[in-house]
Amino acid sequence: MAIQFLRGNSQAPKGHAIFVVRNRNDANNVFCTYCIIPPIPMSIAKYIPPLLAAHLPTEELQDSDTVSGMPIPPIPEEGQTLEYMQLLAEHRDDDLCDIGSVSSRDDMARMNLAAEACQEYGQLYTSYIATIQTRKREAQQFSVKELDADSLVFHAMPERQKLAELGKLIGTARYAIEGHDQQLLRETEQQMQRIAGTLAEKYRGSELVTAAISPNERGARLSGLYLSRAYKLLDEEYADIPGIERDIRELKDAG
């Protein structure tokens with residue numbers, strides 16, 4: 001069978017859906033059941049009492065090892081309109097699926113239809129989750145590849161050492177600017193950005209880097225002020241920070 005999504009996406013099922021079965025005998029009413037895919041794999045065999053399990057065929061116990069989806073109730077109930085179920089699905093953020101049509105007098109057909117639809121919905125959900133896991137693994141692998149040796153070293157550095165490295169690189173950047181060495185300036189900027197990216201936002205690392213590579217003298221003074229401010233934060237010398245902030249604002253306004 002092929003279930004039809006009236007709400008939701010067959011490529012990304014939510015794992016919980018209202019199933020509607022059209023009533024061949026009354027177009028105004030539909031039969032309804034709820035399909036849920038447990039987020040945690042569940043073995044029914046674990047919950048069957050040993051005395052009862054001894055009387056069940058081994059094949060049935062094996063088949064019940066993992067529940068991929070279950071209709072609640074197992075036989076779709078009669079009495080609701082499609083419009084009401086659409087409103088309910090919207091309010092609850094459920095998928096809403098049309099799983100076919102049956103006669104109101106055929107309980108067995110309703111039960112079988114619900115069971116088959118749950119199995120199909122479960123397969124769609126399983127495929128979707130597998131896709132998510134694959135994408136996550138690929139993203140993690142890509143992230144690991146993107147981390148070069150220098151980045152790993154910078155992540156492991158204490159904050160004071162990072163600031164000391166930035167101070168050295170400010171000097172290198174100013175040397176490159178004065179000597180019109182664009183290659184050295186680009187390499188220095190990349191190195192500074194790697195370090196700044198590992199600092200907490202309160203240190204304003206990105207603003208420090210921007211100032212350090214600015215070609216005018218104001219940039220040199222600004223980068224020094226940002227570095228001084230970062231050290232004051234690190235040493236918790238908060239009383240000195242307002243004066244540095246004032247100097248930074250004045251330099252920016254002057255530019």
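The buried residues of helix α9 in this predicted model are G219, L222, S223, L225, Y226, L227, R229, A230 and L233. The elements covering these buried residues include α6 (159-178), α8 (205-212) and α10 (241-254).

- An α-helix has 3.6 residues a turn, so residues three or four places apart point the same way.
- Among the buried positions of α9 are L222, Y226 and A230.
- Just after α9, E236 adopts a positive phi of about 60 degrees.

**Packing of α6 with α8**

- Two packed helices are described by the angle between their axes and the distance between the axes.
- For α6 and α8, the angle is about 30 degrees and the axes are 9 Å apart.
- This angle makes α6 roughly parallel to α8, since angles under 35 degrees fall in that class.
- The contact is formed by I170, A173, R174 and I177 of α6 with L208, A211 and A212 of α8.
- By residue class, this contact has 6 nonpolar residues, no polar residues and 1 charged residue.

**Residue R7**

- R7 lies in strand β1 (residues 4-7) and counts as buried because its relative accessibility is 19%; the limit for buried is under 20%.
- A polar atom of the R7 side chain is 2.7 Å from the backbone oxygen of D94.
- Leaving aside residues up to four places away in sequence, R7 touches K14, A89, E90, D93, D94, D95 and L96.

**Backbone geometry**

- Most residues other than glycine have a negative phi, and most peptide bonds are trans.
- I72 and P73 are joined by a cis peptide bond, with omega of about 0 degrees; P73 is in strand β4 (residues 70-80).
- H180, which is not a glycine, has a positive phi of about 55 degrees. H180 is in the loop between α6 and α7 (182-196) and counts as exposed at 68% relative accessibility.
- R204, also not a glycine, has a positive phi of about 55 degrees. R204 is in the loop between α7 and α8 and is partly exposed, with a relative accessible area of 23%.

Key
Residues numbered from 1 in each chain as written. Predicted model: local features only at pLDDT ≥ 70, side-chain atom pairs only at ≥ 80, totals over all residues. Heavy atoms only, no water. Buried < 20%, exposed > 50% of the residue type's maximum accessible area, 1.4 Å probe, protein only. Helix = DSSP H or I, 4+ residues; strand = E, 2+ residues; numbered from the N terminus. Contact = heavy atoms within 4.5 Å. Polar contact = N/O pair within 3.5 Å; in protein donor to acceptor, adjacent residues only side chain to side chain. Axes fitted to C-alpha atoms, helices over the stretch in contact; angles between N-to-C directions. Parallel < 35°, antiparallel > 145°, perpendicular 65-115°, else oblique. Nonpolar A, V, L, I, M, F, W, Y, C, P; charged D, E, K, R; others polar.
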